[in-house]
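Subject: Structure handover and notes

Dear colleague,

I am passing on the structure below, together with notes on what was found in it. Please look it over before reading on.

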Amino acid sequence: MHVTHTEFEHLVEEALANLPRQFAELLDNVAVVIEEEPSDDDLDLLEDDDNELLGIYRGVALTRRTHDMLPMLPDQIAIFRGPILRVARTRREAIHEIRDTVIHELGHYFGLHDEDMPF
């Protein structure tokens, strides 16, 4: 299946636009980026080398921040185009994987751990 970078970017934007308003309004100083593949450093975080890394949260979760922390660069959520397109067999599956990955990584931004999330 082929989804261009531009189409993929649009699908990520759509997933963000469809977030419930109460969560979207809480997003502050976080950038969502699209990368083709995870870096070696990103892959080192995987516990199971047989799985694809579909996205990653790079930052300090809201629950770990304190009032006296210095101003920080924006947190970053990277959505990996290559791995998502490898695990999705259809466009519909790709849309589903993108949506679930965006929600999952935002869960980390809000302080949730992998075992706390269904995605």
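To begin with a definition, axes here are lines fitted to C-alpha atoms, for helices over the stretch in contact, and angles run from 0 to 180 degrees between N-to-C directions. Helices (H or I, at least four residues) and strands (E, at least two) are DSSP runs, numbered from the N terminus. This is a predicted model, in which local features need pLDDT of at least 70 and side-chain atom pairs count only at pLDDT 80 or more, while totals for chains, interfaces and linings use all residues. Residues are numbered from 1 along each chain as its sequence is written, and side-chain values use heavy atoms, with hydrogens and water left out.

As for the overall layout, the chain has five helices and three strands, and read along the sequence they follow the pattern α-α-β-α-β-β-α-α. The C-alpha trace spans about 50 × 35 × 25 Å along its principal axes. The radius of gyration (taken over C-alpha atoms, with a globule rule of 2.2 Å times the number of residues to the power 0.38) is 14 Å, which agrees with the value near 14 Å that a compact globule of 119 residues would have. Of the 119 residues, 33% count as buried, where buried means under 20% relative accessible area, exposed over 50% and partly exposed in between, with a 1.4 Å probe and protein chains only. Contact means heavy atoms within 4.5 Å, and among contacts between residues at least 6 apart in sequence, 69% join residues at least 24 apart.

Turning to one helix pair, the axes of helix 1 (residues 5–17) and helix 5 (residues 91–109) come within 9 Å and cross at roughly 50 degrees. That makes helix 1 oblique to helix 5, given that angles under 35 degrees count as roughly parallel, over 145 as roughly antiparallel, 65 to 115 as roughly perpendicular and the rest as oblique. On the side of helix 1, the contact is made by E7, F8, L11, V12, A15 and L16, and on the side of helix 5 by R91, I95, I98, R99, V102 and L106. Sorted by class, this contact has nine nonpolar, no polar and three charged residues; Ala, Val, Leu, Ile, Met, Phe, Trp, Tyr, Cys and Pro count as nonpolar, Asp, Glu, Lys and Arg as charged, and the others, Gly among them, as polar.

D75 lies in strand 3 (residues 75–80) and counts as buried at 3% relative accessibility; leaving aside neighbours within four places in sequence, D75 is in contact with residues including N29, Y57, R65 and Y109.

A61 sits in the loop between strand 2 (55–58) and strand 3 and is buried, with a relative accessible area of 11%. Not counting residues up to four places away in sequence, A61 touches H108, Y109 and G111. H108, which lies in helix 5, is likewise buried, at 17%, and beyond the residues up to four places away its contacts include Y57, A61 and M117.

L46, in the loop between helix 3 (40–43) and strand 2, counts as partly exposed at 21% relative accessibility. The C-alpha atoms of L46 and A61, 15 residues apart along the chain, are separated by 19 Å, and those of L46 and Y109, 63 residues apart, by 18 Å.
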